[in-house]
Amino acid sequence: MTQAPNVSQVHCIKCGYNLTGVVIGGTCPECGAPINTSFLQANTQPSGFALAALVLGIVSIPTFLCYGVVGLICGILAIIFWRVSVVQTRNGTRSSAWQGLARAGMICGIIGIVLGLAMMIVFGVIIGNAIYRASYISVAVPPSTPYPPVPMQPQPAPNP
Ligand SMILES: [Zn+2]
């Protein structure tokens, strides 16, 4: 048995009785209307985390171009925020109005993470290769000696 969350003064949708502190799943002590219906009506505010998940998920896809790191971070945040919005909806503290958006954000976030990781691998290979080549050159090739100066050749006179 869980106590109703102490949200902003929920009242019975039928008779207006103050339902703060009553048991969720029960009925209104005054008129017998199901309490859950009143809470669903009261908590119509959608989750801000759902919207944040959507924005971050969308942002994570093009930002994988920023060496993959930005896309990776945005994608992970999108999944965390989606999860928070799911928990909020399950607890009944937020309505499920934006859950479709949150889910879309989570899916975009996964794409952003995959692209970001791929980008990091590509950059890792390029940088690793460059470091390998640089160290190879510095070890294997002795400091170059300057060529002896080439003596100036007399230029043939232009034909008149
Ligand atoms: Zn009532």
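I began with Ile61, which counts as partly exposed because it has 19 C-beta neighbours inside 10 Å. For this I took a residue as buried with 20 or more other C-beta atoms within 10 Å of its own, exposed with 12 or fewer, and partly exposed in between, the C-beta atoms being placed from the backbone. The model is predicted: local features need pLDDT of at least 70, side-chain atom pairs count only at pLDDT 80 or more, and totals for chains, interfaces and linings use all residues. Residues are numbered from 1 along each chain as its sequence is written.

**Ile61, continued**

I placed Ile61 in the loop between α2 and α3. Leaving out residues up to four places away in sequence, I found that Ile61 touches Gly71, Cys108, Ile111, Gly112 and Leu115; a contact here means C-beta atoms, placed from the backbone, within 7 Å. I also looked up Leu72, which is eleven residues from Ile61 in sequence, with 9.0 Å between the C-alpha atoms.

**Whole chain**

I noted four helices and zero strands in the protein chain, in the order α-α-α-α from the N terminus. Helices (H or I, at least four residues) and strands (E, at least two) are DSSP runs, numbered from the N terminus. Of the 160 residues in the protein chain, 29% are buried. Among contacts with a separation of 6 or more, 60% join residues 24 or more positions apart.

**Helix α2**

I read α2 as residues 48–60, which is 13 residues. From first C-alpha to last it reaches 18 Å, close to the 18 Å expected at 1.5 Å a residue; the expected span is 1.5 Å times one less than the number of residues. The buried residues I listed in α2 are Phe49, Ala50, Ala52, Ala53, Leu54, Leu56, Gly57, Val59 and Ser60.

I checked the length of α3 in the same way: its 23 residues should span 33 Å at 1.5 Å a residue, and the end C-alpha atoms are 33 Å apart, which agrees. After α3 comes Gly92, with a positive phi near 85 degrees.

The axes of α2 and α3 (residues 69–91) come within 8 Å and cross at roughly 160 degrees. Axes are lines fitted to C-alpha atoms, for helices over the stretch in contact, and angles run from 0 to 180 degrees between N-to-C directions. The crossing angle makes α2 roughly antiparallel to α3, a label for angles over 145 degrees. I recorded the crossing as left-handed, meaning that the near helix is turned anticlockwise from the far one by less than a right angle.

From α2, the residues that meet α3 include Phe49, Ala53, Leu56 and Val59, and their partners in α3 include Cys74, Leu77, Phe81 and Trp82. I sorted the residues of this contact into twelve nonpolar, six polar and no charged. Nonpolar covers Ala, Val, Leu, Ile, Met, Phe, Trp, Tyr, Cys and Pro; charged covers Asp, Glu, Lys and Arg; the others, Gly among them, are polar.

**Thr89**

I found Thr89 in helix α3, and it counts as buried because it has 21 C-beta neighbours inside 10 Å. Setting aside neighbours within four places in sequence, Thr89 is in contact with Ser47, Arg94, Ser96 and Gln99. Ala50 is 39 residues from Thr89 along the chain, and their C-alpha atoms are separated by 10.0 Å.

**Ala118**

Ala118 is partly exposed, with 13 other C-beta atoms within 10 Å. Its C-alpha atom is separated by 9.6 Å from that of Tyr67, 51 residues apart along the chain.

Methods:
Two residues are in contact if their C-beta atoms, placed from the backbone, lie within 7 Å. Angles under 35 degrees count as roughly parallel, over 145 as roughly antiparallel, 65 to 115 as roughly perpendicular and the rest as oblique.
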